[in-house]
Amino acid sequence: MNEITLNWNEYTEAAVKTAAEGIVMLENKGGVLPLRKGSRVALFGRMQTHYYKSGTGSGGMVNVHHVTDIREGLNDCPDITLDPGLMDIYDRWDEQNPIDKGLGWGKEAWSQAEMPVSEDLAKELASRNDVAVIIIARTAGEDRDNSSDKGAYYLSDSEEELLENVSSAFEKTIVLLNVGNIIDMSFVEKYGIKGVLYVWQSGMTGGISVARVLSGKVNPSGCLPDTIARSLEDYASNDNFCRDLKEDVYQEDIFVGYRYFSTFAEDKVLYPFGAGLSYTVFELTDAELEFGNNTVTFSVTVRNTGDVPGKKAVMLYCKAPDGKLSKPSRVLTGFAKTGTIPSGEQERVTITAPVRRFASFDDDGRSGTGATGFVLEKGVYEFFAGSDFITAEPVGSFEISETQLLEELGTALAPSRAFKRLIAVPNGDGTYSKGEEDAPLLTDNYLGSRMDRVGPEIEQTGDKGIRLSDVKSGKNTMDEFIAQLSDEDLCLIIRGEGMGSPKVTIGTAAAFGGITKELKGMGIPTLCCTDGPSGMRLDSGKKAFSLPNGTCLASTFNTDLIEELYTYLGIEMLSNRIDALLGPGINIHRHPLNGRNFEYFSEDPLLTGLMASAQVKALEKSGVTPVIKHFCANNRETRRREMTSTVSSRALREIYLPAFEIAIKEGGARCVMTSYNRINGIYSANNYDQNTMILREQWGFTGLVMTDWWAYINNDDNDPGQYSLEAHSAMARSQNDVYMVCTSVEKENLPESDCYKELTEGDGSRITRAELQRNARNILNFAMNTPAMDRVLGNEIKVTHIDSPFKDDDVEVDSDVFYTLDDELTIECTAKTSRGKDFIFGITSARAGYLSLEFFGYSNLGELAQIPMTLYITSIPVAVLTWNGTNGEIVSKKIECMMYTKNCVFRAHFASGGMSVKYLKIRYERPFDGTEGQPE
């Protein structure tokens, strides 16, 4: 057995180091930072002890043993003294005004009520402290976008009052933003705030990183991955974000983020993309720019002219020439991050940029090449280097005498309905006016010619005793193996089972691959995937490491650092028998109110793609796989399963597709998740142009594609408005390989999809045997190169843990905690809940519906004692029961809840000890009445 070591001290340090490097300092007036040794600090903001480690939804549901909040991090810093009296005031107020955690999916509050701080209290604290530090915190997440309300994108009235009173009393006020995404920043000028840092949502160790930067132990070097405008209305996408619940029209086209502001509205920028201050000063000298072999090579010397060591991110931007195609004034073409440069020292950095990074997509052939594809229009290409796009300085240029066609790609995924898009009209003086034009429409019917791209059908032979291991060893061919698959096998291998399938690691998102008894019997491993990307979501209650969110990672502009961190995550996945992590999310920050921006990286596709590539490379070192998502143009959460993104082919190719292409071609990604939404009217799950033409035919992708969970699929080729969950034939036809998820996947479940009927009774327009064999090949090629396959072969890698913080975690990876429920069931509780342990159990039921759960237990505490218990179903809090002390007598508490799927993991969590649960009675009460809806 092979062995690998996971050193948790190194893992923790990598996370702290990454989070610290992702912190972005936007203001440091008067050098208020770093805090001087011996500083007395008044720490304001009730979230000082309730740090948001991540956003909400599947991307943030990581069970951890402890979160280091900002107060704890600062308290552990020997050079800083926090005001104890103020901490006591907050603790007493917090006890009387508990956090609103919200019950149910997507029910969390985006911010919490803030403790009032009077002018007199602020003045009293200012008299005995050197500096005020105020924490403003926000969350947002899956299935629910942020809002432009106070307490969301804008400060609440109580936060405004807090800032006003504290900044008026203190000479030095610093604001820390514990957020997953940018917020309105007008408060900085309004209240004269001296220091401002985006500390993001940085996982379970975030408070340590904050303390290191504030104390000066770490010099901040993070840079904004997004542009912060003066007003929400200044963003080009604002007029077409969630204004229509059924459709977002991407009228801003390629002018997203800094591309828009650099071209039309630089004066509307408060803090530009790439901005970020340091405790030291750098200068860039001896710049050299060369162009050859369709690649730009830029080198520059970075010298630290300040007094303390530090790192510097260098960005290279391009301004393409005006021509027949409208273009933005700046496009990021590459970046580099120095190491730590001592004071007075220097480092030479080099950035290479293939021309595709600044080429334009001609979506109607107007550039003169006669083709639709990427082109370099003739003219002068100017380059600028620095950090933010506004202050970057000219560093060279080159000229192309004739327009060049780089790659002909056609009109796949282009819109089919007319709409106007934004263009830049040159004014002749280097500035631009806004214009508009009709977006070019789809002219090719690729689905209609799909059989031209399907190989011959493999003649079925029945089971010849060939196992998948025989293919991996070279004894037999993949065709010989696939020939054994029956029509039933072909229709079932394209399904995943979940959530919480007992066939794999308990409490995970899905099982797939060798999902039926017959498929597993042929040596196909049962693969396991779980939610990410900021760590593993394990609904069993098993603890995992919570990492910094995507926005924080992107702010480092350091791909080496990200790769180092995610290498540890790959080993952690191995130890939990997880083959695939559902992440990273690589959609674009099209608008600041997208609820899932915390999961995604940036408004820029290159930065996004290179960050994703670093994660892919890191996880693949352990043989585990990231699932890049959500493919594509999934840039809002509101009505995400019903809306369509109406977007030009050019915007797709230059903004919304490149990150996926980079992650695949440069990172080696071999698993992709499609999105919920429609793209130009067709659902992503069955979008042939997207899943076959672009992904596989044009990019050469040979891996596995899966749907998002319970995705809608178009079930009528003649009516895109019709959809269902069961139209697996259209999904498979598009070369989306696995439907996620089905409640149960065995032969008896065959009729629960249209695939078998369409295959055996249809006319071939929806699906053919050859196409299903192609899907099977994609799945099997993927499965052969997974840790699950290693286990089948007896080659499982053993993970040895050093100093794990979860050593007392008694939840096993493969524990049999599932109980079958018919009508009634009694479960004995063996967990030591009186010591704060969770009571975890899984229920398998053939019937979805309402259950009653009656817990029986006792407490030796007196009757006035209050012991809250939170009940989680698949990591979603659904109820809070408060027990009182019983003086040793057994009492019961009853609750009714909904069970949506066949397999559900339940967890009764006690925040503190004192209550001993003895047993639980579960009863099936009634089916759904059809009004409940389904969680996503």
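Helix α4 spans residues 119-128 in this predicted model. Its buried residues are L121, A122, L125 and A126. Buried means under 20% relative accessible area, exposed means over 50%, and partly exposed lies in between (1.4 Å probe, protein chains only). Helices here are DSSP runs of H or I with at least four residues, strands are runs of E with at least two, and both are numbered from the N terminus. Seen down the axis of α4, the buried residues fall within an arc of 135°, so they line one face of the helix. The arc is taken from the directions that run from the helix axis to the C-beta atoms. On the other side of α4, D120 and S127 are exposed. The buried residues of α4 pack against β3 (39-44), α3 (84-96) and α5 (157-169). Contact means heavy atoms within 4.5 Å.

The model is predicted, so local features need pLDDT of at least 70 and side-chain atom pairs count only at pLDDT 80 or more, while totals for chains, interfaces and linings use all residues. Residues are numbered from 1 along each chain as its sequence is written, and side-chain values use heavy atoms, with hydrogens and water left out.

Helix α15 (residues 605-620) takes part in two helix pairs described here. One partner is α17 (residues 658-665). The axes of α15 and α17 come within 8 Å and cross at roughly 30°. Axes are lines fitted to C-alpha atoms, for helices over the stretch in contact, and angles run from 0 to 180 degrees between N-to-C directions. The two helices are therefore roughly parallel to each other. Angles under 35 degrees count as roughly parallel, over 145 as roughly antiparallel, 65 to 115 as roughly perpendicular, and the rest as oblique. α15 passes α17 in a right-handed crossing. A crossing is right-handed if the near helix is turned clockwise from the far one by less than a right angle, and left-handed if anticlockwise. From α15, P605, L606, T608, G609, L610, A612 and S613 meet P658, A659, I662 and A663 of α17. This contact has 8 nonpolar, 3 polar and no charged residues. Nonpolar covers Ala, Val, Leu, Ile, Met, Phe, Trp, Tyr, Cys and Pro; charged covers Asp, Glu, Lys and Arg; the others, Gly among them, are polar.

The other partner is α14 (residues 559-575). α14 and α15 pack at an angle of about 40°, and their axes are 7 Å apart. These helices are therefore oblique to each other. α14 passes α15 in a right-handed crossing. On the α14 side, T559, I562, E563, Y566, T567, L569, G570 and M573 make the contact. They meet L610, M611, A614, Q615, K617, A618 and L619 of α15. By class, the residues divide into 9 nonpolar, 4 polar and 2 charged.

Backbone geometry was examined next. A cis peptide bond joins F631 and C632, with omega about -5°. C632 is found in the loop between β28 (628-631) and β29 (644-646). A cis peptide bond also joins M740 and V741, where omega is about -5°. V741 is found in strand β36 (residues 739-742).

Positive phi values occur at D253 and L413. D253 is not a glycine, yet its phi is about 60°. This residue lies in the loop between β9 (247-249) and α8 (258-264). D253 is buried, with a relative accessible area of 2%. L413, also a residue other than glycine, has phi near 75°. Its place is in the loop between β20 (404-408) and β21 (420-426). L413 counts as buried at 3% relative accessibility.
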